[in-house]
Structures are given as C-alpha cells and as structure tokens.
Amino acid sequence: MRINRFQQYGGMAVTLACSLAVIAAGGAACVLRGFFFAKEMYLFLTLWFVLCGVLTLGGLVLYAASGWEKRLKPQGGPAGKTETVRALPGGGVKVDTAEAERLAGSGRLVTDHAGKAEITQAADEAVSGSGRMLNGSVSRVTRLRAAVWLLPGCCIVICILYAIHAFRGPLSSQGTLDELLRWGFYASFAVFAVLVAGTRRGGTLLAAVWHLLGLVISLSALLAVCGGLPVPYAVAYSQSPEVSATGARLAGLLQYPNTFGAVMAVFLLERLFAAAYGFRLTGPSGTVSGEDCAEGEVEASRGTVNRAEQENIASGEAEDGTVSRAEQENIVSGEAEGGTVNRAEQENIVSGGAKDGTVSRAEQENIASGEAEGGAVSRAGETAMAGRADRARGWSAELWQTAARLLPLFPYAAALLLSESRGAWLAAASAGAAALLWKRQLSAPLLITGAAPVAAAALLYRQLARTGLAAEPLPGLLLLAGLWAGALLAGLWLHRRSCRAAGWHRAAMLALAAGAWTAAASAVLLQVRARITGPSPTAAARGLFYRDAWKLAAEAPWLGRGGETWRHSYLAAQSRPYVGSQVHSGYLDILLNLGTAGLAAVLLLLLAAGWLVFKASPRLLPPLLVIILHSAVDFDWSYGLIWLLLLLLPAWALAETIHRPVAEDTAILTGLRRSWPYAAIAVLCVLTFMLSILSYQAMRGAALYKQAARVSGDPAAQTALLRQSLAWNPREPQTAAALSRLLPEEQGMDLLLDSLQFSPGDAALHWELAERYLQGRDPGEALYWVRRSLKADIFNAAKRLAAIEGMLKMAERGWAEGNRQRAADSAAAGLELLRQYSLLAGREHSAGRRHNDRGFGINEQAEGVYLRLRALQALATLEEREKIVAR
C-alpha cells in the first residue's frame, strides 16, 4: 500500500513538473527573443537540464519502486474474473477486470415493467461495437504513440550527430556545442509535451500554453506600435522600398519581421480552422450542414470510433444491472453496427415503455416530456419553460465558445499584415488552400469566421502604414481597441446570422463575407503592389546563398561540418560580396551542419509530426504546414520558438485524441516505464546533468567576457577576467582573440594557434595570426597566414589593403636594417597581393553593383601603396645587382 501511494504521489509530482516545464519554456521563449541567441539561453538551459536530471532521477526511483511492487504482489487473481485491456493515454494497455464485467453485464440492463430481461438488438450491437472499438482503439493509439515518440527520438538522433562532430573536430566547436544544447532542449521539451498530453488535463494545458504564447507575442508587438510599450527593436525600419513598402515592418519580440510574420500565420491559421470546425450552418428544417465539431473534439471517421464509445470504454462506470450513460446515448443515436432500430423503438427502449415495438407520436412526445403513463398530471407548461431555458443556455454557451474562437483572430491577422512578410503571406495562403482542397466543406465557415477580423486588420494596416508604424499611445490604443471590438462583434453577428440563414439569406451572408475578404486583400495589395509585382533583390540574393550553400554542402555531404557551418564559412564560400550570416533555409542549414544523415532525421521528424496531426487532429495541419513551408525560404529554425511550436502541435493533437479521463495519474509513468528500460533511464539522467554542466560552463565564460569588456580601461584586470573566461570555456574564439591582444607576442600567437584547433574556420583568428606574422621578420610565413586569412574572408577590402601595407612596412624595416633580400621579398609579396586584389576588384566591377553589399572594390590608397612598393623593390633589386657586379 505504501509503495502504491508513493507511486501515485510520485506520478502526480512528475506530471506537475512536466506541466510547469512546458509553461516555463513558453515564457522563456517570449523573454529571450524567441531563443535565437545561444548566449542568452545558457542560464535557462542550465536550470532546464538540472530539472530534466531531477525528473529522470525521480523516474529511476519510481521504476525501482514498481519493481519491488512486482516482487511483493501475489500471483494470480480472483476466480471467475475475466480480464480485458484498455488503452491508456500514453499508448499503454491496462488490464481491467471491471471493464469486462461491465461489457458482459450490459446485456442484462434493459428490462421491462414486469422485470423480464429483454435484450434488444441495439444493446447487443452497442456491446459488440464497444468490443470492436476497444481493439481498434488500442491499435490506433499504439500507432499514434509510436509516431509521437519519434519526435523526441529524432531530436536525440540529431544530438548524437552533433556529439560525434564534437569529438571529430568540427568547423566550430562553440557552434557545435550551442547546437548540441539546443537539440537537447528540444528533445526534452518534446518528452515533456508528450507526457503532458497523456495526462488528465493535458489538452487543456497545452491549449492554454499555445494561446498564451500567441497572445503575448502578438499583443506585445501591437502595443509597441499603438500603445507605447517599450519593446526593443519591435519595429524594423528600412529606407529601401524593395524591403518595406511603408518604411517600417513589425518584428515584435523576435526582432525579425519574416519569422515574426510566419509565427503569426501559424497562430492565425490555427484559430481560423478551429472556428471553422466549430461552425454550424443550420438549414430551414433545423438540420446542421457543414462542420459540426466542437473545438478539440475528434469526430468518428472511417476506421475510428465515435465519442460515445470512447467515453464508454474510458469511463468504466457500468455496474451489474445498470446502463452507462455512453451506452444509453449510443442506443438512442441508433449507431449500432449491423442493424437498424427505428426512432420510436429507440426512445421506447430508453423510456422502458415499449409495448409491441411501436409507439405513437403522442406517446413519444409524452415519454420525452417525462409524463407518467396512464394519465399522470400534465406539465407541458413547465416542460416548455425548461426547454426554452435549455435552449437559452445552449445558445449562451455556444456564443461564448464562438467569441473565444474569434477573439484572437484580429491581433494575429493585424500582426501578420504589419510584418509585411511576403513569404509568410504566401505560406499561409498555400497551407490554407491545401487544407480547403482536402476539406472543401470548410470553405463557407472559413469565409464567414475570418471576414470581419481580416477586414479590421487590413484597416489597421492602412492606418498605421501612413505614419510608418508610428502612432501616439492614446489614439493608437483607441484605434486598436475599437477595431478589435468591432471585429469581434461583427464576427459574432455574421456567425449568428449565418447559422440560421438559408436560401438567399445564406447566399447574402456569404457574399458579404466574400466582399469583406476582397476589400481587405485589395487594401493590402494596393499598399504593397510594388514589392509584389516588381523585381525582388532579396529573392535574387537568396538564390546566391542557395547556390553557394549547395557547393559547400558537397564538400561534406554525409555528416556535414558541425554546428553553425554557414555562419563560420560563408565568407570563404560566397561567390559575391553579399552580407548574410544566415543561409535563409532551414533545410540547407541542417544539410550543412549534419549532412544527409541529419537532414533525414529532420525530415523523419516532420513526417511523423505531420502524420500524427493528420490522423489525430486535422485542424492543426495548416499551421504545421506553414512552419514546414516557410522554413524552406528563411532561417526560422534558428529560432527555438519555432521548434517549440512544431513540437507542441503533434502533442496537442495527441491530447485531443485521448482527451477522455484517465483513472490514474501514474499512467504516464506506466508508459514511460514500459518504453524505457532501467539502463536507458540511467543514461538519460547522466546525459542531462552533463548538458547542464556544459551549459553552465558556457554561461560562466560568457559572463566573464562581458565583465572584461566593461573594464577595458584596466588591462591587468581585463587580462585576468579573460583568462578566467577562457578557462571556463576554451571553445570561444572571440575570447581567445581578445586575450591574445593583451599578451606578449609569443604567448598571444600560441594562444591563437591553440584556439584554431577548436575553430579552424574562424576568419577572425586567422586574421589575428596574420597580423602577428606581418609584424615579424619572415615574409614567407607572413604571406602564408595572410593568404589563409584572405581565403577565409575573400571579399574583405580592408583586410587586403592592410595586408599589403603590412608587407610594405616589413620591406621598409628590412631596408632600414640593411637586409636588402628581405626587403625585396616583402615588396614582391606585397605586389603579388595587390595584383590579386586588383583582379578580384575588376571582376566584381564588371559584374555590377548588385549584390555588392560589402562595397568591395579598389581602395584609393592602393595606388599610393603600389608606387611605394615598386620603388622599394627597385632599390633593393638595384643594390643586389650592384653587389653581384662588384663581386
């Protein structure tokens, strides 16, 4: 008993910790700018991995307790008990004797007034159908469970690939460590989300996290524009009409308009399709056409079971001689397979008053109103009042649900439009069109629910575009609140009128909604038509990125070169002098980092997420498609927030599929215990604590480096702090470069050479070494390191000119010291570097100024340096000739 109680409380504690971890991850993503900068994540990741280690250690204890319980539990069970199985939320199977008794006893439940047992065909079908549903549900949940555990599994595979690179010597050890920590975080978050999805209120919790994330991100951005909320870099300004039609684009907490727009498109499509699935179109006869699906429910389809049967299996409340609520509803609805029961017979069965299998219309109404047979006192008036009250309560509840679905649509749509992200607009349109091609019956509900919010968002966009997203706080708040309220009220009016409309009234409502969509689209397109119809320099630049990235990926096609490959190698791989430390494609970024092995793992993850969402909750498929599509043309995957949303969607879909109550809070531990053996849990515990230590070391190193930057006036203190920072994290090339400038020449060069072992592709370290050798006396070594530095940063005019001037100074020092040979060699090396510089600059000049973002060209000082080098070379050569002649 004590062991069972310990397991129960331990399971509740683990459930609570997993829920708090998911909430904390969402909140931290908002505060830390979407998890874009790894250095800002170190403190959070340290605490996160400590929590993971503690939870894994707790799982070990509970696993051991379950093992002791098995040893102490007596074998066998009560005689005469038939065991059956029941699907658990985590996908496990539970032996349940009471369930078998309930299903077996359900055949004795329907009796007549004389007390004779009379098993109807509908009851038999309901019982047999429940049994069939049980087997189908177990296999279906098992498939979903296998798919959902692929999410953390693929993340763990990617972590292993980055760990392999860390031991093989990547292009950047620091970048590989950052990616290793990121994917460890994603894997643990996926585990927590899946475990929360299997809890009793997992769907509600995940939905709350999702909606809070969306509202915080959208409203903070809108309030930064309209309400004076101080959000740094919430608005991105540009003077180029090719980048922004209004001169300003909304970036929000993410500080990047394109990814911000994609995130808003994800939240907008989720709410639009949730409202469309919950929409009711009622015809003149009161029948419902269109989608009659409440938010979060998964209706029965081919090969699935209905809601009543799911609740029937999950509840297990049936006892001997009583019919469960789900079975009664199942019988009344006439859904029993293999036979049909007419309406009168079904109501007759439920009421217990069937005589010969037929009941008149008056008797049916009499039964429905609750009147006793044989002349009981009529309560028609009370029944009518109760019916009206029930209808009023139903309309009120439906109104509140509709308002909750429509409420976030306006801020999401407004933020999406203000971002001016053409890629996000196109991804949202493509995902929505794909979903409508699959479910065409959603077209009318989607048209009606989104008309008012989108029209109000377009009006807000036009108003703010005139001022360059600059609005006074009070008028801006009034404008925002007024349009939001108007959009909500107009949306509710359209919804209510459309629900009861039929014939030409319904056509008029649809025409009004279509007019609102058309007006909104026209207002936006008129503002941004130049960016859409005109040439796109950003698209052409990304074409250059992709070509250079493919060439770079071909050099290491199978495993890549480790974390942040493009960031540390694009200066050496670029074919034109563009500026872009991001490759603007998540798939190419993964290919560069981990090769085809890593890309295959990511594609498997996306495939598993898409299949699970498609099977469990199709309304969540459009927002998932937005993430998949937009990540192909931008660096969304550099934001950890995007991966959190991508992992939340399938977990949420799973929670909606298994939303029925769970009898035990330790069900998730049962699934975990069966999925992970003892050794695997122990290994995970060790790995999480190791990741926590690595994150803490990186955090301490970054903190000491910032502290050293603040005491730049005191070289001694700065040197001490930089030494401590490098001791905590020797992988950081920036710290090594800064410290080398404060050390003596030999110590600085040794430090730089050691740091190159961790970051062999870092251009800054190569240039630091080239500068050291240029100050020396060996022109051969200096030329070697200069060429290596220029190879790591091809289109850097400042470095090329500085290298040529360094060679000139070396030649002058050799001339002053009387070393004519060294002076001549240095001058010749300088002239060769100048020749290469001139050829490269001439080629870029002939290619035109387009894509020359770095302003690469011949510097005005180059001509003067050339003349001095020629003169010095002539002198040194002439003197050597005179010496030869004298000999």
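Begin with the rings: the count comes to 31 aromatic pairs (ring centres of Phe, Tyr or the six-membered ring of Trp within 6.5 Å; planes under 30 degrees apart are stacked, over 60 edge-to-face, the rest tilted). This is a predicted model, where local features need pLDDT of at least 70 and side-chain atom pairs pLDDT 80 or more, while totals for chains, interfaces and linings use all residues. Residues are numbered from 1 along each chain as its sequence is written, and side-chain values use heavy atoms, without hydrogens or water.

Select Phe 35 and Phe 44. They are stacked, 5.4 Å centre to centre with 25 degrees between the planes. Phe 35 is buried at 0% relative accessibility (buried means under 20% relative accessible area, with a 1.4 Å probe and protein chains only). Phe 44 is buried too, at 15%.

Next, select Tyr 256 and Phe 635. Their ring centres are 4.5 Å apart and their planes at 25 degrees, so this pair is stacked. Tyr 256 lies in the loop between strand 4 (248-250) and helix 8 (257-277), and Phe 635 in the loop between helix 22 and helix 23 (640-657), so the pair ties together parts 379 residues apart in sequence (helices are DSSP runs of H or I, at least four residues; strands are runs of E, at least two; both are numbered from the N terminus).

Finish at Ser 617, in the loop between helix 21 (586-616) and helix 22 (621-630). Ser 617 is buried, at 3% relative accessible area. Its side chain makes a polar contact with the side chain of Glu 656, at 2.7 Å (a pair of N or O atoms within 3.5 Å; within protein, one must be able to donate a hydrogen and the other to accept it, and residues adjacent in sequence count only if both atoms are side-chain atoms).

Definitions and conventions. Buried means under 20% relative accessible area, exposed over 50%, partly exposed in between (1.4 Å probe, protein chains only).
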